[in-house]
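The sequence and structure are shown below.

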Amino acid sequence: MTTDTGVLDTVAVLIERVLDRDGAAAEITRETSFQDDLEFESIDIVVLGTQLADRYGAAINFPRYLSTLEIDDIIGLRVGDLVDYVESCVDGP
Amino acid sequence: MVTEPVAVVGMAVLFPGARDLDAYWRNLAEGVDCVTGIPADYDLPFPGGRGGFLAELATVDTIGMGVMPAALPHTEPDQLIALHVAQAALADAGGPPADPERVGVILGRGGYITAGLARIDLRVRVAHQLLVSLRELFPEVDDAALDRVRERFAAELGPPSRGAEIGLVPNLAASRVANRLGFGGPAYTVDAACASSLIAVQQAVGELVDGRCDVVLAGGVHHGHDVTLWSVFDRLGALSRGGRIRPFDRDADGLVIGEGTGVVVLKRLADAHRAGDRVYAVIRGTGVASDSGGTTLMHPDSRGQVLAVRRAWAAAGLDPAAPDSLGLLEAHGTATPAGDAAELATLREVFGPGAPAVIGSVKSMIGHTMPAAGIAGLIKAALAVHHGVLPPTLHCATPHPDLAATRFRPLARARPWTGPRRAAVNAFGFGGISAHVVLEQDTSPSAAPVPPVLVREPVRVLRLAADTPDDLADLLDSGSSQGNGRCRIAVVEPTERKLATARRALAAGQPWRGGDVWFSPRPLLPEHRIAFVYPGLEADFAPQVSDVAARFGVPAPDLTADTLARHGTALVAVSRLLDTALRAQGVRPDVLAGHSVGEWTAMVTSGMYDATQLDAVLAAFDLDGFRVPDLVFATVGASADWLAPRLRGEVTLTHDNSPNQCVVCGPAEHVRALLTELLDERVLGQELPFRSGFHTPRLRPYLDQIRADSDELTLRPPAVPVWSATTVAPYPDDVDEVRALFYRHLLEPVRFRPLVERLYDNGVRVFVQVGPGQVAGLIGDVLRDRDHLAVAASSPRRGGLAQLARVLAAVWAEGGAVDTDLITALPAGRSVRLDLGGKIVSLGAEAPRLLGVGAARVVAEPVRDLLRHTENATLAVLAAARATTPTRTTHEMSLRALPYLRDHRFFEVPPDWPDQYDGFPVVPATELLRQLVVAAERTAHGQVVVRVREARFQRWMAVEPAVRVEVEVTPIDGGLEVVAHGYARAVVEVAPGYSAPPAAWPVPAPERTPLLTGRQMYERRWMFHGPGYQGVSVIEGISDRHVRGVLTVPAAPGALLDSAGQLVGYWTLEQYDRDCRTVPVRFADLRFSGPAPVPGDEVTCLAVVESVTGTSVTARLQLVRADGTVWAQADEWELRRFSSDERVIGLEREGGTALLGEPHGDWVVVRERWSDLASRELIARNYLTRQEWEDYTAVPPRAKRDWLLGRIALKDAVRARLLAERPQVFPAEITTGETEDGPWVLGRHGFTLPDLDVAVASADGVAVALTRLRTATGVGIALGATPAAAAVAAVERAERAAAGNPLVSVDGPDRLLVKGNTGSWTVRTEVLPHLDVVVAWTEERS
């Protein structure tokens, strides 16, 4: 049971910026679904990927991560999945 | 005797999460958990407490009920809610009853302390008590001062009344209904604790059956979230510790308190049939009984319950033990272990075995609504019968073992009710009063036909208008539902969460567009133009439009999309349908455009074709024979300009969509190769699921298939301008040019991004995507950061009408004129939010002065100047004469003396945890500094402290247990040396007055937006500080070198400078992933140029980081008052960095769930994650209890490290096991120890652990611990250099004896067999990566 508050907080704030809704991060948890809860569209995912790369640098290749997922996984993607991915890039060996 | 059946013909509720009956049913069927934390305005002093709250749903039209605003504070809110719900129930029953003289009202209501009573209690009793106590505490205070306090206290409670409080008598909950609605039947409340409302139903049935009434309103009312009720239940141990009510779950640990009101309208069934009423359900029988001398008054007992259930079934003339006697039992289900067990015993006895039936309790969703619990259950059961759906019960994952002996099972998800629809409802009250009701579907031949399910009711949209965002916020808070002005906000299907979002948006004053909240501080319409943009083909196609077609009376389009041509045809049809619907609702475009095939849709909807002719051609077109090139498309997550030079082979660009998206087309293998290359450049590409060569020259040979049809169509000028994405200009007027452009468009790239830019330049600000897909998202990407609205009229997430309503709400919020029949406003006008909580009176900012103590300090400015001059002269003389001897004082540092330190605890502990030690409350360095300054000032007679030099803090000043600190002030050259022995020292300089403030530093540039706001920093526990120390209200900007923000001076002394330090702490947290927790340890030079700001003042703070090392962060800071003058400036403010990594940070932020140990099955391993003693000590403080800390201090220095790791491992092994079933387990809840028999673990302060065997081993900076449910053999775990050595050691530990020279043999991979003294052990082994050490643990003994 690891915790990832730090990355989660960062990701939530970046999502808030993509959506251009000041304060939206407060409602974002690991369980938040990009599709159902945030009504994310593909373009938002791309922009979020760019922001992640700006923040975390070369270790993050969000597009590559997405390319490993099945379409159903992408549709069901939750913020926690992304957080886990970012953590694996930042902390990984 | 069998009772005459009674019909439920109307129902209404106001329960947590349910504004009305529809919402209640939706929540029931979908299993919505409406239990929440305590809303702030309920003023309930139960930190972390959870319950069912109405909060903002408690909004009623008080004026419509004849209650004037002035009378509201003296009215019991539950009466108004009862009236509101009764009116709604009558409306649901079809309107006012025929003969009001023969209508009764019987409501269950308990004698609890309700909001109205609590207020009069404050006004009368508490005010008096306050004065008595003040007089005792401060005998010197005169009566005038006490009068001031009394007046202030009373003023907080609002103006007094002349006897209006008589309206607080409890029976008015029923009488007010009868009075207001003119009913002449009996109207009264009944109190039978939690059985009240079912007893009200029984009484109502009696009134009807005996012919005294023709209609009776029956139900229950409970709005009593008062500290008294909570405390009583808390002391009983009946409240769930985790704040989750889990009826009939094996691990149910108590209830949470709810509130609410429900009312049903009852009639004799025969009357209901005659009147043609809708009958939700028929009440067949009711039964009530008491425990005849049960064990105790408060202990649930099955005897009375059994009697009540049997009586109800006898009244119904039915046998409860019949195999299919019922399909649903709505249980009392309090989720207290004793209550659930007794209820299950009753069910087993009365119903016995039989066809499986569903058991449930609505308490799992709304909490226990006490006297209203019965009606909450009865309405749930009636709705289930009516809808033919069996609803779920929450939090019952591991059913109570006693359920197995009954015919009942809980449901996790709703399912259709297939068998006979008969249900029964339990409500059992304290004191042994039980009630039961049997109800069923109306199956009689004369039953009115159930009306067909209505097309969903209009979407509810809160629409507010005002001149400014602030005024809008006021309107929102006042519960208003209209208003006038330029600024608009629309909230679709408002919920508490959406309204919170709306408030946030209004507070920020920036547009908010989406998530069902639409707010525009500067509306875009009517000054700007609206564009309809029709989408092209995209990967997904699943529009929901059948309800739109039905609503507008047109056939639903064929949505088959199995071939390219069918996909395109269906897409165009959906777009045309939505176009019709939008225009019918008043949304009319000024400009049309399209994406790809959508451009053709635009030509169609603009009227360029003759509709009849067009439909004929389309109908005749051979959709299955249409051929296209075999080329694939792919979207690419980058701009067209970026991609163009990277294109290879036969891949061409077909769409320039937005700055972050374009589309390419080409042979499959070329496109795929490109996508693979792009991944290396971090660019995502996605192949689309259809093939064609549109927008490439390769389509040209295929155009002949459509040319004949297309050229045959008559062309006319468009009614609304259509813009082309080929020319990025309006379509030409000339017919031949239009035809030519039509073909060009099919062969050339779509220039969507330039088109959107051009439309924007031409005044378009509102873009409506008319059709399915993600074109609105592309528009948003093009116009990012430019004020505009892009909204889609179709969404895969919701029905067509529901999404259409969002477009209407969004356009309305931009100032557009739209029809509102699809988006009904909320009930208009006069609604008022009722205050259902308790009230803690604050005497306000003036409080300290009320007693007159502070009054003396308020002296006019000129007088003060004169005094200062005189004083200075005197002081100069005194100072010269004074000897340089130290002054000593002793200070008690404790939570008693400094209660605000409760808000300065490092570690999270369970809510209401009794042992303050575990949170590690410490005096912050800044508070210690303040005390040193005060001590110095005392010896300096009227002079002020202007500078502090070389302030150093040596160790934690922990205040639990209390410590006494000696503070010594010694005059030295150039100041006063102040020492708190063992803790801190500083040199303080005093002067007769402050010198002129230095200039404020400029704001460094550039800076970025901080990740978090001040509020978020605390909420997310980046900072551990409680309210008294939460001074950072805004974090304005941050860079690699600085951070700045606004501090609002908090209440706790010393908290202002602490908050400044928090800003630097925040900087470290945002800047570094590791070693980022910091504590101030040194202020080299701190200068003050004025007296300290007082609580509530705003101060801006700029911190510039000067240097960072592995163990420190040093910054300079300036604190500037609101008038722009510098109050304080610090140079070399040094913070110590403590070791932390992601696990340590996790522990800080989520102390109840995060582990330092890494679980491996049933054991955990803990490595040392810190590099220095101070960091280790902080971890030890976090994990160890008072006793463990004492043990730790007695361990020899060299052994301390492994000892501590062992204890952490032990605790985390236990926590990891328990966390599988509990939301939180804190280290403080467990204590550990070691005897000759090995380690042991115990729960603390009422927290009980399962019986566990535990084992632990540690060496060289790593520890492992194992837990297992207790067996006779014991367990062992050990570390060793080799598997065999570790395995032998593990067995020795399990056997608690040296093994001599045991036989070790291999039993499989990582599995050894060790022959010990007591038997042969299977031992598992694992090499710990990176550590070169083997862990071995016993598995079983044979």
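How many residues does helix H20 of chain B have, and how far does H20(B) reach from its first C-alpha to its last? The model in which this is asked is predicted.

## Helix H20 of chain B

H20(B) runs over residues 668-680 and has 13 residues. Its span from first to last C-alpha is 19 Å, close to the 18 Å expected at 1.5 Å a residue.

Just after H20(B) comes Arg682(B), with a positive phi of about 65 degrees.

## Buried and exposed sides

Four names make up the buried set in H20(B): Val671(B), Leu674(B), Leu675(B) and Leu678(B). They lie on the same side of H20(B) because the arc they cover around the axis is only 100 degrees. An α-helix has 3.6 residues a turn, so residues three or four places apart point the same way.

Glu669(B), Thr676(B) and Asp680(B) are exposed, on the other side of H20(B). The cover over the buried residues of H20(B) includes three strands of chain B: E23 (632-636), E25 (661-666) and E26 (685-691).

## Contact between chains A and B

Chain B contributes 36 residues to the contact and chain A contributes 30 residues. On the side of chain B that touches chain A, the elements giving two or more residues are helices H14 (496-508), H24 (775-782), H31 (1142-1149) and H34 (1197-1219), together with strand E19 (512-514). H31(B) gives the most to this side, with four residues.

By residue class, the side of chain B that touches chain A holds 14 nonpolar, 13 polar and nine charged residues.

How values were computed
Residues numbered from 1 in each chain as written. Chains lettered and ligands numbered in written order. Predicted model: local features only at pLDDT ≥ 70, side-chain atom pairs only at ≥ 80, totals over all residues. Contact = placed C-beta atoms within 7 Å. Nonpolar A, V, L, I, M, F, W, Y, C, P; charged D, E, K, R; others polar. Expected span 1.5 Å × (residues − 1). Buried ≥ 20, exposed ≤ 12 C-beta atoms within 10 Å, placed from the backbone. Arc of directions from axis to C-beta.
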